[in-house]
Each structure stands twice: as C-alpha cells, then as structure tokens.
Amino acid sequence: MLKSLSIRNVVLIDKLDLDLQSGFTVFSGETGAGKSILLGSVGLLLGQRAEVSMIRSGCEKLVVSGEFSVADKNGDLAKLLQEHDIEFEHDVVISRSLTQDGRSKIFINDCPVTQKFLKEVGAFLVEIHGQFDNQGLLDSATHMRLLDSYGGYVDAINDMREAFRAYKKAHTARESAENDIKTARDEEENLRHWVNEFAQIKPQKDEAERLEEKRQEMMNAEKITENLNVAVGALDGSHSNVRDVLRQAQAALARANALTHDKFSSIYEILDTALINVEEAGTEIEAALNEISVNQNEINSVEERLFCLKDLARKHHTTIDELSAVWADMENKLAKLERGEDNLFELKRLEKQAYDTYVHKAKIVHEERVAAATKLDLAIMKELPALKMEKARFMTRITEKTLDCWNEDGIDDIQFLAATNPGTEAGALNKIASGGELARFMLALKVNLAQTASADTLIFDEVDAGVGGATAQAVGERLAKLGENLQVFVVTHSPQVAACGRQHFKVEKICCDDVTTTQLRPLNSSEKREEVARMLSGERITDEARAAAQMLIGG
C-alpha cells in the first residue's frame, strides 16, 4: 500500500505531504481544483511519462516521492528488485525529479533506475482506473486478459505460449526447407550438367601449378636435352670416359693391394662405389633424355588441358585452383537435394508434433477458461443486486477462433455479454448497457478481480460518473467492501460514494496575491459532513443538506 506521498512543484501543487491509510480513501473537490494533478503525480511514481510542462511556473524542478509497503516480501516484486541489485526488506521508496532542461532522475530505495524499469515496478504497486476505463469493457480484446487474470491459471497459459512458439519455429523450419528444395529443384538440371562436365574434366587440387611446371619443362626441352647430352658425353665420350678412368684407377689399386696385403682396399671400395654411381647416373640421364623426348610430343596435350581448365574456371567465376572445391560443392548440393525429401519428411513430422502439443496445451487453457468463466459469471451475478441491477444478467461467451487466428493466446474468442432486462437476449455490452450500467459492471468485475490483482493499491478516478441516488450509494458500499482487503483511493463527485470513505481528503484551489495553488487537507468527521453536504446541495449548504449528509455517513 501507499503509505506516504510527497509532491513538490507539480503544476498547481507547490508543496504537499500526505500520510495515507489502508482501506477506502476518498478525494473530493470542485471541478478544476487539481485532483487530476494529484493522480498525475502518483502516475510519475509508477513510470508514466514526465513532461517539463508539469513543473510549476517559476520553479526549476519538480520532485515526487512515495513510500510503499509491500505485503508479499518474497513475491515477484521482491525477485524483480533483487535481479537489479536493489535492496528490499519491507518498504519501497520511489523518488523522481525533473528539471526545466528535461533532465530526469529516478531512484528506488536510493538506487538509480530507468523509467522503463520503474514502470515494471509500478505495475506491482498500484492500478489506476480512470472514469473512462469502463470503455475497455467494450473492447473484447480486454475480456480475455480480464478472465485469465481472474482464473489465475498462469502456468497453463505460459505452457501454451511456449508450445505455440515451438510450433512456429518448427513451421518456419519446414517452410524454409521446402523453399530450399524448390530452389534446388529449379537448379537441378544445371547442377547435373555442371557436375557431369566436372566429372569428365576431373580437375585436381594444385593441378595448374603442376601443369605450368611441366609446360615450362617442355618449352625448354631442347636446351635440357643439349645439357643432358653433354653430361652423357662427359661420362661416356671418347675423349674422357669416366668409367674407363675409374676402372684404370681400380686396376692400379688392385695391384698395389696385392703387394701390401690389401692396405688400400678402402680406397678401392670408394672407387667401386663411384663407378656404380657413375653407371646409375648414366642410366638416369638416358631415361631423362627419353622422357624429354616423349614429353615434347605431349606439349599440345598439356596446353589443351590448361586451356580446358581455364575455360571451366571462367564459366564458374573462379580460379583453376578452386575448381575442385566448386565441384565438391555442386556434388554436395545434389546430395542434399536427394536427401532433402527425407529431411523434409522429418521436419513435417516435428511440425505436426509441435502443432499437436500446442493444440493440447490450448485445450487445457480452454477448459480452464470455461471453468473460470462459469465462476466469474456467478460471482458478478451476485454483485449486481447490490448495485441495483437485480434484473440484469452477465455471461461470458467462449467460442473457438477460426484456424488461421489461432495464436499464442490460444484458440478461444472471449466476449462479455449482458442483458439488462428480463426476457431479452444477452448481447455485447456496448449495445446493451448504458454508461452508468457499464460503470457498475466494471465495478462488479473489479470487486471480483481484486483478489487476483497484482497491486495492493487501486485508484478509481470518477468511475462512478453517470450514476446517482441509490445506485451511487450501492457503488460506494461496494468500493468500501473492496477496501476491506485492498487500499482503495477514489476521486469522486458523488456524495453517496464520498460518504462511504474511511479517510477523506478535500482538494482545494487557493488564490493568494495572484498566485494559485492546489492544497489537500484531511477532513475530520464534521468537516466530512460539510463536504458531503456541499456535494449534495452545491455552494450554499443548507441544514437539510447537512442532515442528508449525516444520514449518508451514518452514526
């Protein structure tokens, strides 16, 4: 509940400090006295937008602060504050300021926070219902939210929404796979043609480098042959035959060894190895000469191969070195295409499974809604006689949406219906109920939704507009009943409603030295009687009005 409120320099309010109680509190005053300023100040503490125009004329900044006590010390609000490292034991103190240059500061328990976060916190503290909020009852989009709030089946709704998101993900995956297969099918003929072309050419990794080396070798074949022949001549030529020279050296060493008991055998072996190497070198040179001779005949084939590879690379906007990778990628695409149907079959199975899960979860929520609607209808029907609507009927109609409208909110279309006269068919509230009846239907809803409200404080801004007399008296009594469990603030022009308040503040506009200010003051019992009398009779309060006021207040 809101324990205290402090306001500085907000429009007509220069300084205001309020200590507030639990139960039903009334704010009354003449039109234009500044009741809306009070509500606007509370709105600032709940995260509503702050504008420089709200700063009192002649002042540099406005400041609003409030202290809230929270009943549930371990609830969702406590968890939210803990997540943001804000210390919380018993109370939540919110302070907000705004300067003329537009700079704003917001603190929760002395910790700076953003307006967005303040709005999250504010939703746990106070609900504000304006005099036109009953128009929300005319929008069937709000009926589902109200019913779900009353039913309290949060886990079932969360499960349903999670299932819907899983279904949408599976649906998207299946659609994407189908599109990929379609695209691949459109390219299939070209892919197969290209893969066949690659298969005939069979480009290999680093082939271009090897072919260029071979080509260079062939281009220099004549010079290479010439030099190899020189090498052959050096080994076997008539003028200097290396083999004969080595053999002569070996023969001389053999004779020396015979005379010295093989003293020079190691040298003989070295010459023997040299002779073997020379013979092997000669053989390798002969083979090289033969190879060079053959490769010269293949130069046209090498150049044709290089031309073929360059042409293929140009076709596919790549390099010769990348051709093998392009080939592999194309074969992979074809393989994916061939596997695509199997993959698509699995994705369809997963989508169907996710869809069935969503439908199952949605039907659970549907059953919860039907049960909650039955309970809510009975509860509201019990409230209507006290609100002087004994002959009215209220019912919640739940129908199934068309398949294309199923979403994370489920498969249900929910609408509140009413009949205000016996024997008439129930219809949409905007076609059946008058303005005053709408206000009373809304109040009946609020009385029943109060136990599931996320906030401990409710503020009603002239929701009793359009009703009077005994009906207004009944509204006041229901608000007082609501105040038995929650802190309820009501801004009202109705004397019958005001008479039911446990605490009463009068909002007054004071003019002094051409300066206008709004002030609030708590009323004692006699002052409350005078205020209710004023609300009954107008500016001139009569004894009859005072007597009528006393009767309304009672005691």
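Arginine 247 comes out as partly exposed in this predicted model, its relative accessible area being 37%. Its side chain meets that of glutamate 279 in a salt bridge, at 3.6 Å from N to O. Since arginine 247 belongs to helix H8 (residues 242-259) and glutamate 279 to helix H9 (residues 265-296), the pair ties together parts that are 32 residues apart in sequence. Glutamate 279 is partly exposed too, at 32% relative accessibility.

Glutamate 67 is partly exposed at 23% relative accessibility, and lysine 3 is partly exposed at 30%. Aspartate 101 and arginine 103 also pair up, their closest N and O atoms being 2.9 Å apart; arginine 103 is exposed, with 58% relative accessible area. Elsewhere, salt bridges link up into a network made of Lys506, Glu508, Arg521, Glu527, Glu531 and Arg534.

Then there are the nonpolar residues. The largest nonpolar core holds 61 of them, and Phe24, Leu147, Tyr358, Phe441, Phe460 and Leu479 have the most contacts inside it. Helix H11 (residues 323-383) gives the most to this core, supplying 10 residues. Another core lies apart from it and counts 46 residues, including Val42, Ile86, Ile459 and Phe505. In soluble globular proteins, nonpolar side chains do tend to be buried together.

Key. Residues numbered from 1 in each chain as written. Predicted model: local features only at pLDDT ≥ 70, side-chain atom pairs only at ≥ 80, totals over all residues. Heavy atoms only, no water. Core = buried A, V, L, I, M, F, W, Y, C linked by side-chain atoms within 4.5 Å. Buried < 20%, exposed > 50% of the residue type's maximum accessible area, 1.4 Å probe, protein only. Helix = DSSP H or I, 4+ residues; strand = E, 2+ residues; numbered from the N terminus. Salt bridge = Lys/Arg side-chain N within 4 Å of Asp/Glu carboxyl O.
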